[in-house]
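Here is a short report on one protein model. Keep the sequence and the 3D view at hand as you read.

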Amino acid sequence: SAEATLEMQQFIAAELETRRAHPADDMLSDLVHAHEGEPLSMEELQSVMGQLIAGGYEPVQSALGHGMWQLVRHPELQDRLRGDAAAIKKFCEEVIRIESPVQSLMRRATSDVELGGTLIPEGSLILARYGAANRDPEKFACPHAFDIDRPNVGAHLAYGSGTHFCVGATLARLEMNVAFTALGS
């Protein structure tokens, strides 16, 4: 595993250096040349690429499996989704909400905060549970039901929010939409 990771990092570094010297119309070139002042270091570029690769594979694979499971459980959706891009988009968002591909991430409290009557001191490690937040009955009516017609179908936190919003969320959504469109044709 370590050898494969090192080989991948070396491959990515070579590709990034090629784009630094010879920009192309692609994401790697955009990353290498996206800066104000100091360009991103190779370590920063590698970190972004690692997250894009991991985030573009495992969570999407998981979400596709969960989506297939929902189609098995709700066969009436199969005909409804066939050829309806808007319904496929809502279906994908509800799949992501009901079974968040990433259930949680560690964070560090940047200040003292009280949550539910419990003080979380600055510097404490916390585990943000997206999966639990996406089933909050104060946010989602009938939160355990799979409903692509809910009015806030895309209001989940499966991809985080704010400065911690997943950089691969758009790609993941696109991959899901393409896959479920292809399955329905």
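## The model

This is a predicted model: local features need pLDDT of at least 70, side-chain atom pairs count only at pLDDT 80 or more, and totals for chains, interfaces and linings use all residues. Residues are numbered from 1 along each chain as its sequence is written, and side-chain values use heavy atoms, with hydrogens and water left out.

## The whole protein

The protein has eight helices and four strands. Both kinds of element are DSSP runs, numbered from the N terminus: helices are H or I with at least four residues, strands are E with at least two. Their order from the N terminus is α-α-α-α-α-α-β-β-β-β-α-α. Along the principal axes, the C-alpha atoms fill a box of roughly 50 × 50 × 35 Å.

Of the 185 residues, 31% count as buried. Buried means under 20% relative accessible area, exposed means over 50%, and partly exposed is in between (1.4 Å probe, protein chains only). A contact means heavy atoms within 4.5 Å. Take the contacts with a separation of 6 or more: 55% of them are between residues 24 or more positions apart.

Helix α3 has 14 residues. From first C-alpha to last it reaches 19 Å, close to the 20 Å expected at 1.5 Å a residue. The expected span is 1.5 Å times one less than the number of residues. Which residues of α3 are buried? They are L45, Q46, M49, L52 and G55. These buried residues pack against α1 (2–21), α2 and α4.

Helix α4 has 16 residues, which should span 22 Å. Its end C-alpha atoms are 23 Å apart, which agrees. Buried in α4 are P59, V60, S62, A63, G67, Q70 and L71. Their cover includes α3, α5 (76–81), α6 and α8.

## Helix α8

## The largest pocket

How is empty space found? Rolling a probe the size of a water molecule over the atoms shows where empty space is left. The search uses a 1 Å grid over the protein atoms alone and a 1.4 Å probe; a pocket is an open set of points with protein on both sides within 12 Å along at least five of seven lines. Lining residues have an atom within 4 Å of a point.

The largest pocket holds about 430 Å³ of space. Grid points are joined across faces, edges and corners, and the volume is the space filled by probe spheres set on the points. The lining has 20 residues, and Q51, L105, H164, C166 and V167 lie nearest the centre. The largest share, six residues, comes from α3. By type, the lining has twelve nonpolar residues, seven polar and one charged. Nonpolar here covers Ala, Val, Leu, Ile, Met, Phe, Trp, Tyr, Cys and Pro; charged covers Asp, Glu, Lys and Arg; the others, Gly among them, are polar.

## Residues between α7 and α8

Y159 sits in the loop between α7 and α8. Is Y159 buried or exposed? It is buried, at 9% relative accessible area. Leaving out residues up to four places away in sequence, Y159 touches I96, H164, F165, C166, A169, A172 and R173.

P151 is in the loop between α7 and α8, and P151 is exposed at 86%. C142 lies in the loop between α7 (130–133) and α8 (169–184). C142 counts as exposed at 59%. C142 has a positive phi of about 45°, although it is not a glycine.

## A buried serine

S29 belongs to helix α2 (residues 27–33). S29 is buried, with a relative accessible area of 3%. Beyond its neighbours within four places in sequence, S29 is in contact with R19, P23 and A24.
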